[in-house]
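Thanks for coming, everyone. Let me put the model on the screen, and then I'll walk you through it.

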Amino acid sequence: MPTLFALLTLYVWLAVCALIFILNRIARFYQITSGRRSYYELFNLPLLLLIGGAIRYATIGVLAGDVLGDVLMVLGAVSLTLLGGYLLQLMTGSRS
C-alpha cells in the first residue's frame, strides 16, 4: 500500500509540475514576443520546491504533517502565487 500511495502522490504532482512548466513556456513566449522582461526562469524555483515536497511526502508515506515537506510545499506555493500574479499583471496591465 505505501508503494501505491507514493506512486499516486508522484503522479498527481507530476501533473501539477507539467502545468507549471506550461506557465513557464507562456512567460517565455511573452518575453520573446513583447520584449518585456517576464522572469520566466524563476518559474523553475516553485517547480523544484514542489517536486522536492512531493518526493519528500512520497518517500515518508504521509500526505501532511512532515515539517520539511510542508515547508517545501508552502514555499513553492507562495513563490508560484507571486510569480503568477506578476505575470498576470505584466500581461494584462491595469485591466486585471
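Start with the surface. The accessible surface of the protein chain is about 6200 Å², and 75% of that belongs to carbon and sulfur atoms. Those areas come from the Shrake-Rupley method with a 1.4 Å probe; for residues, only the protein chains shown count as cover.

Some ground rules. This is a predicted model, so local features need pLDDT of at least 70 and side-chain atom pairs pLDDT 80 or more, while totals for chains, interfaces and linings use all residues. Numbering runs from 1 along each chain as its sequence is written, and side-chain values use heavy atoms, with hydrogens and water left out.

Now the fold. The protein chain has three helices and zero strands. Helices here are DSSP runs of H or I, at least four residues; strands are runs of E, at least two; both are numbered from the N terminus. In sequence order the pattern is α-α-α. The C-alpha trace spans about 50 × 20 × 20 Å along its principal axes.

What share of the 96 residues is buried? The share is 29%. Buried means under 20% relative accessible area, exposed over 50%, partly exposed in between, with a 1.4 Å probe and protein chains only.

On to the largest nonpolar core. Seven residues form it: Cys 17, Ile 20, Leu 47, Leu 50, Ala 54, Tyr 57 and Met 73. By nonpolar core I mean buried Ala, Val, Leu, Ile, Met, Phe, Trp, Tyr and Cys residues joined through side-chain atoms within 4.5 Å. H1 (2-34) and H2 (44-60) each supply at least two of its residues. H2 gives the most, with four. Leu 47 touches Cys 17 and Ile 20, setting aside residues up to four places away in sequence; contact means heavy atoms within 4.5 Å. Apart from this core lies another, of five residues, including Ala 27, Tyr 40, Phe 43 and Leu 83.

Stay with H2. Its buried residues are Pro 46, Leu 47, Leu 49, Leu 50, Gly 53, Ala 54, Tyr 57 and Ala 58. An α-helix has 3.6 residues a turn, so residues three or four places apart point the same way. After H2 comes Gly 61, with a positive phi near 80 degrees.

Last stop: Ser 38, in the loop between H1 and H2. Buried or exposed? Ser 38 is buried, at 1% relative accessible area. A polar atom of its side chain lies 2.8 Å from the backbone oxygen of Ala 27. Beyond neighbours within four places in sequence, Ser 38 contacts Ala 27, Arg 28, Gln 31, Tyr 86, Leu 87 and Leu 90.

Methods: A polar contact is a pair of N or O atoms within 3.5 Å; within protein, one must be able to donate a hydrogen and the other to accept it, and residues adjacent in sequence count only if both atoms are side-chain atoms.
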